[in-house]
Amino acid sequence: MSKLFNFNKSIIFENNNFRNLWFARTISYFGDSLYNIALMWLVYEKTGSAFHVGLILVAKFLPQLLFSMIFGVWIDKWNRKWLMQISDFIQAFTTGVFAVLLFVDVFELQYIYFITIILSLCNNLFGISNTSILPELVKKDLLITANSLLSTSQQVARLVGSTVGGILIAYTGEATVIAINAITFFVSLAFIQFIRYEYTPNQQEGVKHSLINDIVEGFTWLKKERALVTLILIGMLSNVALGPTNVLPPMLIKEDFNGTAAALGVFDSFIGIGLLAGAVFVGIVSPKKIGMWFSFGLGMQSIGMFVISFSPNLIFANLGNLILGIAIIITNIPMSTFFQVMVPTNMRGRINSISSVSFNFSIPITYGVVGILADKIGAQEVYAIGTAILFICVVLAFTNKELVKSYIGADEGKKQEQVERNL
């Protein structure tokens, strides 16, 4: 614990750039947690169907599949700080308009689809920019701790936001919650402005490349990194397995456990507690054998899904969500750090976009299918299907020797082409 405290102290108090990014992300995470609870509950309450909740999530992920590659090229060519600020401003304006529509009692699904698409594109642009800029703000040996701290903040914000969001929805309505989210985007934009980031144009800026050639260049580089490719492929399948966790909580709580919006908030807060505990644990351990951690985390995810699938009441379901949260972080933080370390800065936007598209490739179809299946056979039964798919992922991971042996060690420094700046 002292190790984690000393590293966090060094990053937060001595690195102004990371501190401002951390503040920006924390307040934005809180707003997002409020918004997600409000949106899921609003759509399910108005339509009474998990299928419509799934369609909203399809509208969230489908645009990312279509535009992530383009965003990756932009991020490698343009100022990443400015792209993050532009994204925050558009999201603030869009959620503000959404809140106004709800305040005047206007609910149309087509409006929500349109708003969801805009927010999805901006969130994707911000996320890839944030992941790509972080190695330029933090020393390499502190990257996994920085990712852990950002994840910890995200989970604390999610824990508080989910609980507060459920209560606010019950007493003030969805419009107020969404308006609060709009304000958090403006606060995030202000903190990012204080980041002192010197934009360095691509070294090949003088060479004319088409958009297609830039994207192909990213794939050409990635296909030589077999460990990264394997992780991406297994990640795609595991995302399919986790589909029910994003679509079905409102239906699970309301139909299987006769719960309210407040109960949904508590259920979501338990996965938040797990994500928080996992982030702190990974920050303390600072793992190097990322292949083993990835495989072990997948195993824990399958256990969490199994518990939810066969829970007789909400108490056991909350326990399953807790286990699931811990497992997700144990899987994700070392992997994010591995990508940041292994990929050179002039390729980072494109490689991050490729991994993002790959992970999200099957999500739109999965969410739609999950909603249809749940309406026919029930939420817990669909969670059970997800458990079986995760078990397959575990087998694939542990039987891949190259993946299991993957680690963050001294040799990865050869692949880091840019000296860390702006401390």
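Among contacts in the protein chain between residues at least 6 apart in sequence, what share joins residues at least 24 apart? The share is 89%, where contact means heavy atoms within 4.5 Å.

**Before you start.** This is a predicted model, in which local features need pLDDT of at least 70, side-chain atom pairs count only at pLDDT 80 or more, and totals for chains, interfaces and linings use all residues. Residues are numbered from 1 along each chain as its sequence is written, and side-chain values use heavy atoms, with hydrogens and water left out.

**Stop 1: the whole chain.** Show the cartoon. The protein chain has 18 helices and 0 strands. These are DSSP runs, numbered from the N terminus: helices are H or I with at least four residues, strands are E with at least two. Of the 423 residues, 57% are buried. Buried means under 20% relative accessible area, exposed means over 50%, and partly exposed lies in between (1.4 Å probe, protein chains only). The accessible surface is about 17800 Å², by the Shrake-Rupley method with a 1.4 Å probe; for residues, only the protein chains shown count as cover. Carbon and sulfur atoms hold 67% of that surface.

**Stop 2: the core.** Select Phe98, Leu248, Leu298 and Ile351. They have the most contacts inside the largest nonpolar core, which has 85 residues. A nonpolar core is a set of buried Ala, Val, Leu, Ile, Met, Phe, Trp, Tyr and Cys residues joined through side-chain atoms within 4.5 Å. Helix α14 (residues 314-342) supplies the largest share of this core, 11 residues. Another core, of 20 residues, lies apart from it; Phe18, Leu21, Leu134 and Leu142 are among them. Zoom in on Phe98. Setting aside residues up to four places away in sequence, Phe98 touches Tyr35, Leu39, Leu42, Ile112, Ile115 and Ile178.

**Stop 3: the nonpolar patch.** Select Trp82, Ile86, Phe89, Ile90, Phe93, Val97 and Phe186. Together they make a nonpolar surface patch of about 730 Å². Patch residues have over 30% relative accessible area and no salt bridge; like charges are joined within 9 Å, nonpolar side chains (Val, Leu, Ile, Met, Phe, Trp, Tyr) within 5 Å. A salt bridge is a side-chain nitrogen of Lys or Arg within 4 Å of a carboxyl oxygen of Asp or Glu. Helix α4 (residues 80-103) gives the most to the patch, with 6 residues. Click Ile86, in helix α4. Ile86 is partly exposed, at 47% relative accessible area.

**Stop 4: His52.** Go to helix α3 (residues 50-77), where His52 is found. His52 is partly exposed, with a relative accessible area of 25%. Beyond its neighbours within four places in sequence, His52 contacts Val43, Thr47, Leu109 and Tyr113. Check Leu109: His52 and Leu109 are 57 residues apart along the chain, with C-alpha atoms separated by 9.0 Å.
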